[in-house]
Amino acid sequence: TWSLTTVGCLTLIGLSSEGIAVGNTNLLTRDARAGVHYLFSLHKAIRQRTLEDAAGAIADAPRLSGHYFYVADAHDRAIGLDCSAMQCTRYSIEQGVFAHCNHALGNEMAGVEIHIPDSSSPHRQQRLETLLNDHNAPIGVDDLKVMLADRAGGDQSIRVDNPVLGTATNACVIMCPGSGTIHACRSQADVGQWVTRTM
């Protein structure tokens, strides 16, 4: 398994030799409790052999807080999971594109968010959906690198580097479960040095 992590922690984003890809973005919800930390859920999910088992490892966990999780497999399928500590909304993705930033997409999960997202996350969501949907050819790795480096919207752009607000894009990852390939760079997509690994 190749995985992006933080020192001393478990899987944060990764792709296994079984073709299971996992990752997450943040959601801030009001129903936090004592429970399983999200890195443990991701670490368990990446060890599964099927997409459903990977999604189940996250959906069935007694989570301690909210996150959006995604899992994908080598058969061009993916599942998105908007999770709070006690709720989970599932999105099955079998074709097309699906974008998710740091806010809940459904009304039920939005109802347990700590606050209404500021304009940044919805802006990035809309911008990413536009870039993906307006692309007139199959989307490749190089296309995604350009999209991840997009600066439209200034401080609210997909590529974030705002020292005043203390926010930044710290790393970028593109996973291709079908070929067993993971592309990653430290820092922003147009600044960091990309490294590619294949199982």
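This is a predicted model: local features need pLDDT of at least 70, side-chain atom pairs count only at pLDDT 80 or more; totals for chains, interfaces and linings use all residues.
The partner of R49 in a salt bridge is E18. Their closest N and O atoms are 2.9 Å apart. E18 lies in the loop between β2 (13-15) and β3, and R49 in the loop between α1 (38-46) and α2 (51-59), so the pair ties together parts that are 31 residues apart in sequence. E18 has 39% relative accessibility, so E18 counts as partly exposed.

Why can such side chains meet at all? Side chains of opposite charge can pair when their charged atoms come close.

## Other salt bridges

How many salt bridges does a search of the whole structure find? The count is 5. One of them joins E18 to R49. Another joins R77 to D73, with the closest N and O atoms 2.4 Å apart. R77 has 33% relative accessibility and so counts as partly exposed. D73 is buried, because its relative accessible area is 6%, under the 20% cut-off.

D190 also forms a salt bridge, with R151. Here the closest N and O atoms are 2.4 Å apart. This pair links distant parts of the chain. D190 sits in the loop between β10 (181-186) and β11 (195-198). R151 sits in the loop between α5 (141-148) and β7 (161-162). The two residues are 39 residues apart. At 37% relative accessibility, D190 counts as partly exposed.

Now look at strand β4, residues 67-72. Is this strand mostly covered or mostly open? Strand β4 is mostly covered, with 5 of its 6 residues buried.

Strand β4 pairs with β3 (residues 21-26) in the antiparallel sense, over 6 bridges. Find N26 to see one of these contacts: its bridge partner in β4 is H67. Strand β4 also pairs with β5 (residues 78-83). That pairing is antiparallel too, and runs over 6 bridges. Within it, A72 stands opposite A78 in β5.

## The hairpin of β4 and β5

Strands β4 and β5 form a hairpin with 5 residues between the strands. Which residue takes a positive phi there? The residue is D76, with a phi near 65°.

## Aromatic pairs

A pair of aromatic rings is described by the distance of the centres and the angle of the planes. How many aromatic pairs are counted? There are 2 aromatic pairs. One is formed by Y68 and Y70. Their ring centres are 6.5 Å apart and their planes meet at 35°, so the pair is tilted. Y68 has 4% relative accessibility and therefore counts as buried. Y70 has 27% relative accessibility and therefore counts as partly exposed.

The rings of Y91 and F98 also pair. Their centres are 5.4 Å apart. Their planes are at 40°, so this pair is tilted as well. Is Y91 buried or exposed? Y91 is buried, because its relative accessible area is 18%, under the 20% limit. F98 has a relative accessible area of 31%, so F98 is partly exposed.

Terms used: Residues are numbered from 1 along each chain as its sequence is written. Side-chain values use heavy atoms; hydrogens and water are left out. Buried means under 20% relative accessible area, exposed over 50%, partly exposed in between (1.4 Å probe, protein chains only). Helices (H or I, at least four residues) and strands (E, at least two) are DSSP runs, numbered from the N terminus. Two strands pair if DSSP finds at least two bridges between them. Rings of Phe, Tyr and Trp (its six-membered ring) pair if their centres lie within 6.5 Å; planes under 30 degrees apart count as stacked, over 60 as edge-to-face and the rest as tilted. A salt bridge is a side-chain nitrogen of Lys or Arg within 4 Å of a carboxyl oxygen of Asp or Glu.
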